[in-house]
Amino acid sequence: MAQSSDVNLLMTRSISPNDLLIRRLQSIHPVSNEEIRALRDLPLEIASLEPGHDIVRMGERPTQCCVVIEGFTCIYKLTSDGGRQIMAIHVPGDIPDIQSLHLGVMDFGLAPISSCTVGYIPHEKIRQVCDTYPRLGVALWRETLIDAAIYRDWMLNIGQREAFGRVAHLVCELMMRLKAVGLTEGSSFEFPVTQANLADAFGISSVHMSRVYGMLAKQGLLQVTRTHITVLDWDELQEAGDFDPTYLHLERSAPA
């Protein structure tokens, strides 16, 4: 399959699609050179996607997982009348539907929230590499445990913090997760996600989301454009979001 322009962009940064997965796993678990070679040999079927087209729908029985290569995806659930709650945002290097290896039926939807590129890996290939290299199976299990830790912190964020703190907390989280895979530039990162999508994550209206961005900018904590976020005062932003990175369980960051 021909590579997309997004993948070519990654190549200019000297990051291959498989390397993003490697960087993610290295950030949470030791990975040997032999295991790195095995991960690089995993076949990826590359696809470019736009918001509005689900990667996986609730009730489906997938036979493959996807690695986020470029852009951002979300896990979401719907109410019976169509209300959407975004439960998690996934960044490049993540395998947001790794649970499908062991859960036959998907109980959530997975969708792009920006233009994105993903790489599909058949379940059988993941199982084979885990059988051959058991520590990679442990790394993927650790990845699912960290996903659960992030869900718990998101529940606390939505349930107990005001909107100002919710947004500050998420920006801190994204900065650290993207830094771990080498996708920050100083104090900035690419984030072309609409305020409407973020409102669905925070349980607020788009208008309120716009106000919160404005408040964070007015207080000198963030600079937000349509495609990027720049953190202007990291210490104050952490305080505003009551952010403690322990739940991310990061052991190292990738080189920028």
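Predicted model: local features only at pLDDT ≥ 70, side-chain atom pairs only at ≥ 80, totals over all residues.
Q: Okay, and which residues line the largest cavity?
A: The lining is made of L21, L25, L39, L42, I95, I121, I126, V129 and L140, and the elements that give two or more residues to it are helix 2 (17–26) and helix 4 (123–132). Helices (H or I, at least four residues) and strands (E, at least two) are DSSP runs, numbered from the N terminus.

Q: How much space lies in there?
A: About 50 Å³ lies in the largest cavity, and the structure holds four cavities of 30 Å³ or more. On a 1 Å grid over the protein atoms alone, a cavity is a set of points where a 1.4 Å probe fits but cannot get out, whereas a pocket is an open set with protein on both sides within 12 Å along at least five of seven lines, and lining residues have an atom within 4 Å of a point. Points are joined across faces, edges and corners, and a volume is the space filled by probe spheres set on them.

Q: What about the second largest pocket, how much space is that?
A: The second largest pocket holds about 290 Å³, and of its 16 lining residues M87, Y151, R152, W154 and M155 are the closest to its centre.

Q: Which element gives the most to that lining?
A: Helix 5 does, with eight residues, and the lining as a whole divides into nine nonpolar, three polar and four charged.

Q: Switching topic, in what order do the strands of the sheet come?
A: Three strands form an open, antiparallel sheet in the order 4-3-5, where two strands pair if DSSP finds at least two bridges between them. The edge strands are strand 4 and strand 5 (109–112), and four bridges join strand 3 to strand 5.

Q: And which residue does T73 stand opposite?
A: T73 stands opposite P112 in strand 5.

Key: Residues numbered from 1 in each chain as written. Heavy atoms only, no water. Nonpolar A, V, L, I, M, F, W, Y, C, P; charged D, E, K, R; others polar.
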